[in-house]
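Hi,

Here is the structure I promised to pass on. Have a look at it first, and then read my notes below.

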Amino acid sequence: MNSNLTNRLLVLSILVNLSFSPLLLAAQKYQLDNKQLKISIVPRTAEQIGAFYEGRGFSKKMINILKQQCFLTVIIKNKSKNIIWHNLSNWRFESNNTDIMRYDRSYWKNKWQKMQIPQAHQSTFRWTLLPETLDFRSNEAEGGNIILAYTRTPISLTAVFKTKVDSAEKPVNVKINNIRCAKH
Amino acid sequence: MLKIKTIHFSLLLTFLFVLFVINAHARNEYPSPPKGILKLPPYPAPEIKISDIDGKPYNLSNNKSHWIFVHFWASWCVPCRKEMPAIQKMWRNLKKQGLKIALINTAEDEDTIFNFLGIYAPDIRALMDADGTATEKWKPRGLPATYLVDPAGSIQYQALGGRPWDKPVYLNFLKKLLSKK
């Protein structure tokens, strides 16, 4: 293997680790851990977002738009023995008594299509987002990004997850306060 | 006398029918999966017509009559990087036993795939879902995603996230599947 290729692989591996390994960014991590769920939220800086998507060959135009947003990498683990239903429409982000806009998949799909972004990049981008809905099985963990309109003020997250225990519906309510977007 | 013979004949028929049902059930009963693998109500595997890294066409349905390990991955996905060496080891162990594998990269370029698989899974043919549309037809829960497709072309199992496929519990499970053709 030539040294150029080795360097590229090394840089790629560092970028991926820096961009999406929450363990390396313990300083800014918001966490909720109860009997049923563990939720970790890590805000990403514009530099991290830029480095990650640049490493995937995304255009500058696309990256500049993404760098202006508030990126939160979210990891959810179902610690219970039952299925927990996740639906992002049951998540609410609030700051200063105002709902914070969450840019969902359809928003980005429309935007990228209008900008004629290559299908491969659109697909990769979608895979980096947190699924809109998922039936989390026992012990299953999945993660991905949530993209919000950028704000400097602290954000409160309230979310409701549906569960069924012995055929009775028992929602799991989640509240995480004081989340801050990473500085731009 | 005729009545007794008729009763005997009916009993024999019933017995044979029960035997047939039990046998048919036993033949179709797949083993319980280890931790992290879901047994699904079987459904037909979506079509995959893509190319490999050398541009040669690949059609999933050409592998019917074998169990197929269908795996979707991307180099940027951290659990994919952790899981790939285990897949390589599993494959070395089971390829002679008739397991087929479809290792499908989601929407990355040839250089990235070549560099990655050259290190982590050099023995496995690299398939490219160049624009990501084949992957999306399968609606994975996330990446990595693994499905086990039976010889009739139905999805029977789905793995939740990355799995240590080279560990005895997973290898033995796959061996049991391969013995059920």
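Let's begin with chain B, which has five helices and eight strands. Helices here are DSSP runs of H or I with at least four residues, strands are runs of E with at least two, and both are numbered from the N terminus. Starting at the N terminus, the order of elements in chain B is α-β-β-β-β-α-β-α-β-α-β-β-α.

Before going on, a word on the source: this is a predicted model, where local features need pLDDT of at least 70 and side-chain atom pairs count only at pLDDT 80 or more, while totals for chains, interfaces and linings use all residues. Residues are numbered from 1 along each chain as its sequence is written, chains are lettered from A and ligands numbered from 1 in the order in which they are written, and side-chain values use heavy atoms, with hydrogens and water left out.

Back to chain B. Of its 181 residues, 51% are buried (under 20% relative accessible area, with exposed meaning over 50% and partly exposed in between, using a 1.4 Å probe and protein chains only). Chain B exposes about 9500 Å², and 60% of that comes from carbon and sulfur atoms (areas are from the Shrake-Rupley method with a 1.4 Å probe; for residues, only the protein chains shown count as cover).

Now the inside. The largest nonpolar core has 74 residues, and Val70(B) and Trp138(B) touch the most other members. Such a core is a set of buried Ala, Val, Leu, Ile, Met, Phe, Trp, Tyr and Cys residues joined through side-chain atoms within 4.5 Å. Another core, of 28 residues, lies apart from it and includes Tyr30(A), Leu72(A), Phe93(A) and Ile179(A).

Over to chain A, with five helices and 11 strands. Buried residues account for 47% of its 184 residues. Its accessible surface is about 9700 Å², 49% of it belonging to carbon and sulfur atoms.

In chain A, the axes of α4 (residues 105-114) and α5 (residues 119-127) come within 11 Å and cross at roughly 160° (axes are lines fitted to C-alpha atoms, for helices over the stretch in contact, and angles run from 0 to 180 degrees between N-to-C directions). So α4(A) is roughly antiparallel to α5(A), a label for angles over 145 degrees. Where do they meet? Arg105(A), Trp108(A), Lys109(A), Trp112(A) and Gln113(A) of α4(A) meet Gln122(A), Phe125(A) and Arg126(A) of α5(A), with contact meaning heavy atoms within 4.5 Å.

Cheers

Note on methods:
Angles under 35 degrees count as roughly parallel, over 145 as roughly antiparallel, 65 to 115 as roughly perpendicular and the rest as oblique.
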